[in-house]
Amino acid sequence: MTLDPKPRVRFAPSPTGYLHVGGARTALFNWLFARHEGGTFILRIEDTDVERNRPELVEGILEGLRWLGVEWDEGPYFQSQRLEMYRAAAEKLLKSGAAFPCYCSAVQYTGADAAVEEGEEGEGKVARSAPCPCRELTPAKRESKMREGAPYAIRFAAPRAGATHFEDAVFGPREVQNGEIEDFVLLRSSGLPTYQLSVVVDDIDMRISHIIRGADHLSNTPKQVLLYHALAAPPPIFAHVPLILGPDRTRLSKRHGATSVGLYAQEGFLPEAFRNFLALLGWSAGNDEEFLRTSELISRFSLSGVSRTNGIFDRTKLEWFNSQYLQKLPIEDLLPYVKAELQRSGLWQSSWDNEQREWFAHTVDLLRPRTRLLSDFSTWARAFFSDDFDYDADARAKFWKDAKLPELLAKLADALDALPEWNHDACDHALRTLAAAEGAKAGLLINATRVAIVGRAVAPPLFETMLVLGKSRVVSRLRRALTALAA
RNA sequence: GGCGAUAUCGUCUAAAGGUUAGGACGGAGCCCUCUCAAGGCUCAAAUCCGGGUUCGAGUCCCGGUAUCGCUACCA
């Protein structure tokens with residue numbers, strides 16, 4: 001038996017929605033594992049459910065993965081373009097006797113199941129659905145059904161005795177009694193494969209060595225192992241990762257707020273911060289380290305560090321990670337993200353890429369200690385990039401209430417305007433001298449001035465702020481504030 | 001209902017039978033301070049319950065409970 005020396009893994013989303021954080025983490029784990037091992041990461045689109053499929057969603061999923069920095073080495077493959085393979089496999093199983101045609105109607109089936117689901121609590125003992133009777137059909141009966149042209153699905157003839165086992169890299173060795181496994185459908189009457197069939201056929205064909213996927217697939221794995229055996233292929237190593245839950249401990253869904261990675265991108269999260277956060281949800285390096293840049297994640301990642309417990313998605317901690325990256329990223333790494341954010345919000349000016357490059361870098365650096373999201377640069381820090389900003393109501397209420405302010409600010413504007421040199425100490429001195437002469441506290445004037453020139457209470461130290469804004473802006477904004485103050 | 005998995009601060013986790021059960025987020029407080037952050041320091045906060053095994057159990061075993069998953073011609 002020859003195996004690829006390097007692992008081959010895959011991420012296989014179905015285009016029934018956007019890329020949600022659970023899928024993103026599964027993709028990330030696969031990718032980290034592949035990169036750590038020097039293996040291959042394959043992308044496969046599982047679009048065999050024509051009812052729920054939304055082909056237009058595929059691009060969004062790819063975009064989400066690209067944003068996350070999870071790059072695939074092969075693919076994307078589409079199952080909808082590989083249907084012949086699944087049919088051939090189903091035929092093969094039919095011929096070998098591992099599968100049989102089933103003439104039960106799909107309508108009957110769902111009806112029966114719904115009844116079981118809705119069973120009254122008083123008499124909740126509804127018998128488990130009986131094994132499919134078609135399995136016992138005589139050859140003659142099958143012949144006649146075939147001649148009638150009756151529609152049929154192909155079901156797997158699950159063994160009635162014995163047990164199936166497999167190895168899970170996270171949950172350990174597993175064994176399931178075959179009697180627990182029903183005669184599941186392989187090929188629908190429409191000729192399209194079910195998940196159980198297509199996933200196994202593809203994983204064999206693509207020579208997948210490790211299947212890393214959500215723990216919701218753990219219970220179905222024995223069926224797939226049975227299929228590997230029936231198709232005479234060695235099963236891969238499985239690694240089921242725990243699920244991501246919402247704050248109420250139910251499976252993460254739209255009800256819990258943003259679950260699409262695209263939304264997090266829009267909100268102003270940095271991909272690397274998001275990656276770091278996601279990697280640590282259900283995986284640990286085995287020690288206290290939390291701030292792990294992507295190269296470190298790759299070198300540290302191991303399936304043995306994957307948790308068995310479902311985890312709750314904690315947005316607050318995600319924001320903390322983001323603020324950490326905002327603080328710690330080398331400024332030249334951060335700048336492109338801020339640029340993109342400003343472009344998105346229509347605040348970007350091309351001069352910041354050229355002659356005012358240094359000014360831009362300095363301003364971003366000044367702002368970033370108090371940012372948590374990239375979008376902060378275009379929201380509360382807007383006044384640093386545009387003259388078009390408003391005055392925050394809370395800031396006005398807090399720092400603009402003193403009756404002497406109109407007079408003080410007018411005088412300050414004049415004093416600053418008269419300054420021969422525009423630097424930190426000159427501004428500082430001018431303001432404090434004025435405050436002293438007028439018998440006002442410097443703090444009063446400083447805080448009121450901050451609101452006047454940037455519209456917020458939240459901003460860098462005042463004189464730093466004055467420097468990056470420049471003299472003419474500061475003076476004109478002070479004068480402009482006089483009108484707002486009067487209003 | 002059946003089958004299975006899981007269970008350490010509110011949350012994410014560390015502790016490969018022996019620690020005052022550690023760290024981080026969040027919370028509280030202090031320092032710093034021109035605002036807001038950042039940063040530093042301090043505090044509160046956990047082994048689901050009950051039985052075993054062992055000199056010794058968060059760790060191993062059994063039972064209970066809770067939660068989650070599967071039980072589709074969804075994936």
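Predicted model: local features only at pLDDT ≥ 70, side-chain atom pairs only at ≥ 80, totals over all residues.
By type, the surface near RNA strand B holds 23 nonpolar, 25 polar and 18 charged residues.

Which elements supply this surface? Helix H4 (106–117), strand S12 (311–312), helix H11 (315–328), helix H17 (442–454) and helix H18 (462–469) each give at least two residues. H11 contributes the most, with five residues.

Now turn to the sheets. Strands of a sheet pair through backbone hydrogen bonds, in either the parallel or the antiparallel sense.

Start with an open sheet of three strands. The strand order is S1-S2-S3, and the pairing is parallel. Why do S1 and S3 each have one side without a neighbour in the sheet? Strand S1 (8–11) and strand S3 (74–78) stand at the edges, and each has a single partner strand, so one side of each is left without a neighbour there. Neighbouring strands of this sheet are turned by 25 degrees against each other on average, with direction ignored.

Look at the pairing of S2 with S3. Strand S2 covers residues 40–45. Three bridges join S2 to S3, and the two run parallel. Arg44 has Tyr77 in S3 as its bridge partner. Ile45 stands opposite Phe78, also in S3.

Helices accompany these strands. Helix H1 (residues 21–37) packs on the sheet and touches S1 and S2. The direction of H1 makes about 160 degrees with that of S1. Helix H2 (residues 58–68) belongs to a right-handed β-α-β unit, together with S2 and S3.

One residue of H2 deserves a stop. Glu63 lies in this helix. Is Glu63 buried, exposed or partly exposed? It has 15 C-beta neighbours inside 10 Å, so Glu63 counts as partly exposed. A residue needs 20 or more such neighbours to be buried, and 12 or fewer to be exposed. Glu63 and Asp168 are 105 residues apart in sequence. In space, their C-alpha atoms are 31 Å apart.

A second open sheet also has three strands. Here the order is S4-S5-S8, and the pairing is antiparallel. Strand S4 (99–102) and strand S8 (185–187) stand at the edges with a single partner strand each, so one side of each lacks a neighbour in the sheet. The twist averages 45 degrees from one strand to the next.

How many bridges pair S4 with S5? Strand S5 spans residues 153–156, and four bridges link S4 and S5 in the antiparallel sense. Among the paired residues is Cys102, whose bridge partner in S5 is Ala153.

Strand S9 (residues 210–214) and S10 pair over five bridges, in the parallel sense. Gly214 stands opposite Val241 in S10.

Is strand S10 mostly covered or mostly open? S10 takes in residues 237–241, and four of its five residues are buried. That makes S10 a mostly covered strand.

Conventions: Residues numbered from 1 in each chain as written. Chains lettered and ligands numbered in written order. Pairing = 2+ DSSP bridges. Axes fitted to C-alpha atoms, helices over the stretch in contact; angles between N-to-C directions. Contact = placed C-beta atoms within 7 Å. Nonpolar A, V, L, I, M, F, W, Y, C, P; charged D, E, K, R; others polar. Right-handed = clockwise from strand over helix to strand, strands pointing away.
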